[in-house]
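Let's take a look at how two chains meet, and then at one residue elsewhere. Here is the structure to keep open while you read.

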Amino acid sequence: MEKRVTFNNRLLPYALVAPQMLVTAIFFFWPAGQAIYQSAFIPDPFGLRSLFVGFGNFEFLFSDPYYLASFQTTAVFSSLVTGISMGAALWLAVMADRVIKGSGAYRTLLIWPYAVAPAVAGVLWLFMFNPNVGIVSWYLKALGYDWNHVLDGREAMTLVVVASAWKQISYNFLFFLAGLHAIPRSLIEAAAIDGASFWKRFWTIVFPLLSPITFFLLVVNLVYAFFETFGVIHTITSGGPQQATMILVYKVYADGFVGQDLGSSAAQSVVLLLVVGVLTVIQFRFIERRVHY
Amino acid sequence: MGGMVEKRGFGLILTHLGLIAGIAVLCFPIYLAFVASTVTQADIVRPPMPLIPGSHFVENYRNALFSGMNAPVWRMMFNSMVMALGITIGKISISIISAYAIVYFRFPGRSVCFWLIFLTLMLPVEVRIVPTYEVVAGFGMLNSYSGLILPLIASATATFLFRQLFMTIPDELIEAARIDGAGPIRFFFDILLPMSRTNIAALFVILFIYGWNQYLWPLLITTDPDMNTVVMGIKQMFPSGDDYADWPVIMATTMMAMLPPVLVVVLMQKLFVKGLIEQEK
Amino acid sequence: MKTMTAIAAALAAFLSATSANAATEIQWWHAFTGRLGNLLAEQVETFNASQSEYVVVASHKGNYSETLNAGIAAFRAGEQPHILQVFEVGTATMMAARGAVMPMYELMAETGTTFDPGAYLAAVAGYYTTTDGEMLSLPYNSSTPVLYVNRDAFEAAALDPDMDLSTWEQVGDALDALVAGGEDCALVTAWQSWVHLENLSAYHNVPFATQDNGFAGLDTELAFNGPVQVKHIRTMGEWARDGKFIYTGRRNEGGANFRAGECALFTESSAGYAGVKANAEFAFDIRPLPYWASVEGAPQNTIIGGASLWVMEGHDPEEYAGVAAFLNFLSTSDIQAKWHQDTGYMPITMAAYEQTRASGFYEQNPGTDIAIIQMTAKAPTPDSKGLRLGSFDQIRSIIDEELEAVWAGDKTAQEALDSAVERGNRLLRRFEQANR
């Protein structure tokens, strides 16, 4: 798509584009390039020396069973967060859609967790499940279950998944609701007249029509689970216990900034770059197709 | 299901109940945090903590605001505000003029610019933290507002959005402007900007929340507690040695950290929802 | 008129020159909050008030890891402080940072400050000294693990609080009796790797790593999966399984439980004394760390934990003169004796120890000299001088993870320690590669 009519100034466009280009070049492309370059070195943490190792950092990474495990952890974590937050959101949206009066109020009450930072969500859920003072863990103990996510890896994973998904439900809810509103009433009524039950209507009409949104949300949620959940992990588990919640993005931070192994961290960044690149390509391939809907 | 077809009473009640249950799950953690911020440490340390708000609201919030743990909360809120507004205003400004140039001008290097912008979409800062950190350190921008703001406006998501928006603006407008003898600058200010108002407002909301809720990046580049932002500062209020976590103060800080973005979302709900949904078209 | 202007100009120049002679500022970054932070601030104030040439400004930067990282980040940005408090596990990193740090002995030599390395307690300073005896950093807060006993808990379980707990065999019996007597939390610990692996190895004179625990070369390899260590961890794992040992966390989470009176025995740093004394509402004792009587050569001596002060490069000579003066100030007997008595950290000089003993402090506070006695009773062997391992903060995390697997019953002690050794060695090789 191109504009047929444009202005003819020579210098103005450069002046307009310059700030964006400058900031992007300095704070995006230069570091991104550096990430790739540096992944071939082991720098000393103080920045005084750098040892060239070629693919050495990558060899080190991929021979570390814990790094490979981190891929699996990330996959499990992202799938759970995505599945739970999208499922819950869809359910809520379907119900909110059925309600004519008050759907605005419900929407207001359901969307504000979007504004909560993942790190804050982490603190809130940590507080509820703290093994010593948390109210939920106290009631669980009263029921006979000793909750301690500091020691138990599965409980830790459960907690971070719930905290991450909780926050994301609002976002998904909004999109699903908009998508549901956009479905023509006539289609539904026609199916109802034909005698189709609620579930049948849902699976044969509504869900397929929601699929563009669903797919879009899938990618957005995956990216959210991959990256933005750093705050949740950092506040609740710091990747523990025994690296049960060590997702890839957290490991980049832990190895680079806490462990001062900048070479390994740079190599991990490059791997992440590739992963995101693939995800982005998939999303844009899809969006291209959507435009033709 | 644009609207219910069968309005059976029982089904409707179930639906309402379901929604209320959903809201309860969504809201309970925050309610609990609020209660925790109004009671004393002793109440919390001996569970179960009370479930109705206590009477120490003023005391705890005052404590948090003015002394905090390693930095007073008012200071952290201020830093957050500067960062969020800086990111919002900065990103919108450079993006809108950039998109304007790409859409409405033909100049050599235009498609290069466009593709470079395209490349930055969806590559979040978390993927390039180490080298970005070094660039910022090299400029001496650690522990500074510019260090907090600039790397986060480098991705061109907003530029792309404005581009999409401008593409939908009819050509007739620009022809009319030209006939009137208006130059590109007049066109921008008199026609384009007003037409983009709602999108700018929606983007303002989204970017403000994005900026306010930044966590990893401020964590890395601030070593001076005075430069903490409130969202990343909360974690540092947890003890690292033998001290107890001062839960009421931490929860009070948490409530305050949530307040501005939540207010923005709730008050500008329509705009925000519209902006979120349209930006993905 | 011209003369007036000239005089005014000269006066202005003179005044600005004298104000430029205002006190030289010295930046000190540290990791202390709360009580310790206040005591540290007091030291700084005393120094500042005692002279007018230098002003020390102390800033809290977070916990030990955060403070070290802040220092490193600052160095990269050219904004490093003069003095940085670095925990003992960061020693190898700091030592390898040629060009970023200025060793103590060099600082003292360059500024011409009188400095007597012999005045420092060998057991304390040895950790931070080269094999040639050159001092690299100033020990600031050093402690060693001891055993705290909750006398009231013992009595409540119908046990004699004065019972002998010198060996782990005896402690095992005590734990059995405590649990039988109704105690929920018989044993907790802090800093599990430091107490139950690093100090365990030194105390029983077995190597933690080859090459004299890393002192003799970068090609050191971990060795803590030997029979002594495996036996101890296996025993503790059984205690955990039986509910006699309650694992509360990697750092000092257990301190809260003990101080609240919930637990009977607590292995932790001697510096925990200040906190226990202030918060405990029960009678307590300090005892030496237990050892395995069945191991020949035990008890040897324990090693220190804590932090030392490193001086960073990149500052002016006059500032370094101030740094040297401050470090000497910190080493004076009065300051050291007061710090030791207030906190439970070891005094770093013989003179301070003697001064404290002469003042009758140890009689009034029984058990507070156990730490020193435990460390100095025997001359250190190559396996009990301390540790000098690169990437040790990360290695400790690995050890913590593997130990947690043992407490949870997921791995045997041998498996866990073998795994920790293997994973830790990879990091050591990487450190060696980067610092050859």
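Between chain B and chain A there are zero salt bridges, a salt bridge being a side-chain nitrogen of Lys or Arg within 4 Å of a carboxyl oxygen of Asp or Glu. This is a predicted model, where local features need pLDDT of at least 70, side-chain atom pairs count only at pLDDT 80 or more, and totals for chains, interfaces and linings use all residues. Residues are numbered from 1 along each chain as its sequence is written, chains are lettered from A and ligands numbered from 1 in the order in which they are written, and side-chain values use heavy atoms, with hydrogens and water left out.

So what does the side of chain B that touches chain A consist of?

| Kind of residue (chain B side) | Number |
|---|---|
| Nonpolar | 84 residues |
| Polar | 15 residues |

Across the two chains, 111 residues of chain B are in contact with 103 residues of chain A (contact means heavy atoms within 4.5 Å).

Now over to chain C. C:E183 sits in the loop between helix 8 (168-180) and strand 7 (187-189); helices (H or I, at least four residues) and strands (E, at least two) are DSSP runs, numbered from the N terminus. Setting aside neighbours within four places in sequence, C:E183 is in contact with residues including C:A153 and C:E262.

Key: Nonpolar A, V, L, I, M, F, W, Y, C, P; charged D, E, K, R; others polar.
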